[in-house]
Amino acid sequence: LLVSKDLGKHLLEVEDLLQKHGLLEADISAQTERVQALNAAALKFSELEGYQPCDPQIICNRVNHVQTCLEELEELAAKRRKELEDSRQLWTFFQEMEEAEAWIREKEKILAAKTCGRDLSSVVTLTNKHKTMLGELGNRRALLHQTMKKGEKILAKKSFSSVGIQEKMREVCLRWKKLEEITGLHQQRLEDALNFFQFSAETDDLVAWLQDTYRIVSSDDFGHDDYSSQALLRKHRAVVDEVEKHRAAVLSLRKQLALLAPDHRQGVDVQIRVVEVEQLYGEVAEVAVLRTQWLQDALAVYRMFSEVHACEVWVDEKEQWLEKMEVPEELDEVEVVQHRFESLDQEMNSVMGRILDVNQVVQQLVDGGHPSSDEVRSCQDHLNSRWNRVVELVESKKSQLSSVLKIQNFLLEC
């Protein structure tokens with residue numbers, strides 16, 4: 001049993017042989033105690049004085065022979081145990097290498113079947129799963145490293161043929177290297193897909209914002225008075241600021257597109273999408289500028305109407321006063337009226353300045369092709385006509401006062 005060359009053909013068989021060898025060692029240990037007892041008893045016969053049933057030398061030789069046989073048996077048992085343990089190490093190494101190969105094959109199948117997702121959410125999910133697999137890969141790499149060290153130790157002992165061990169180590173190393181390459185390629189594909197779908201999502205968000213902004217800047221609501229137009233203009237300027245802030249994002253689209261993987265950036269759809277975003281931004285910026293001008297024109301019109309109204313109120317008041325005013329015949333009363341006209345002249349100079357400003361604004365609106373040019377021009381003509389009427393009344397009343405004053409002075413001289 002102890003000189004058997006059967007060291008097992010797989011790990012389970014070696015474990016079974018070791019178990020049987022353990023029982024054999026237990027038997028040897030038990031027999032050792034018995035042999036030692038028998039030898040001790042036999043040696044007593046070699047020490048007898050007087051009658052000796054057997055030659056003492058024969059007894060000693062026999063005891064020594066039995067002891068030598070026992071020692072040889074123990075040496076064989078120890079040698080057998082070492083060979084079986086070495087065999088267990090060998091088959092443990094092969095089993096661990098088989099497990100590593102099986103794990104590698106499993107991961108190769110998973111990686112071969114994996115897609116890179118169809119949208120941002122699925123890519124993020126796949127990326128998280130891939131990170132988990134990278135953790136498993138790290139753990140398996142550490143185990144494989146330990147198994148390789150076991151193989152190197154077995155080779156160093158030179159107890160078994162090195163051909164099969166080296167071949168297995170080389171085969172597994174090559175498969176592992178290939179797995180890491182496949183894993184790296186899949187990770188790169190996931191990163192490329194993630195960048196692409198992030199780019200697409202950001203582009204979609206930008207398009208949605210531009211479409212909403214276009215609806216805002218293309219509104220035909222320009223207010224109904226000075227206050228509402230001012231409020232709309234303030235809001236619009238805030239929108240214009242946001243449009244300008246988004247300019248950098250639109251301009252960077254082509255740079256971001258250039259950074260994508262070739263199979264993503266060379267797609268016709270994505271290139272068309274970028275062009276559409278650029279065109280849409282250009283339209284939004286253009287309409288925003290036009291709306292700024294329209295709101296400013298509307299504000300100018302409402303302010304002009306307000307100024308015209310204020311001037312016409314003044315004109316109404318003075319026109320009614322001039323039409324009702326009777327030129328007095330008494331000198332004292334004439335002087336009082338003259339003082340009133342002097343104050344009126346100052347007011348008229350001030351109003352004249354305001355009317356000139358109104359005319360200037362009207363001319364600017366008409367020259368700019370304002371849609372309300374006819375209404376504005378009509379309002380201007382009406383105001384100028386009213387003003388000319390007041391000027392004529394003032395000149396007429398001043399002429400009458402001058403005539404009365406000359407008559408009064410002539411009478412005083414007489």
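What percentage of the contacts in the chain with a separation of 6 or more is accounted for by residues 24 or more positions apart? Please then turn to V274: is this residue buried or exposed?

Tutor: The structure is a predicted model, in which local features need pLDDT of at least 70 and side-chain atom pairs count only at pLDDT 80 or more, whereas totals for chains, interfaces and linings use all residues. Residues are numbered from 1 along each chain as its sequence is written, and side-chain values use heavy atoms, with hydrogens and water left out.

Residues 24 or more positions apart account for 81% of the contacts in the chain with a separation of 6 or more, where contact means heavy atoms within 4.5 Å. Along the principal axes, the C-alpha trace spans about 205 × 50 × 25 Å.

The chain is divided into domain 1 (1-86), domain 2 (194-297) and domain 3 (299-413), with bounds from an automatic or database domain assignment. The centres of domain 2 and domain 3, taken over C-alpha atoms, are separated by 51 Å. Between these two domains, 11 residues of domain 2 are in contact with seven residues of domain 3.

V274 itself belongs to helix α9 (residues 268-324). With a relative accessible area of 1%, V274 is buried; the term means under 20% relative accessible area, against over 50% for exposed and partly exposed in between, with a 1.4 Å probe and protein chains only. Across the chain, 34% of the 414 residues count as buried. Neighbours within four places in sequence left aside, V274 is in contact with F199, L253, R254 and L257. As for K178, V274 and that residue are 96 residues apart in sequence and 38 Å apart in space, C-alpha to C-alpha.

N359 is found in helix α10 (residues 331-367) and touches Q380 and N384, residues up to four places away in sequence not being counted.

Key. Helices (H or I, at least four residues) and strands (E, at least two) are DSSP runs, numbered from the N terminus.
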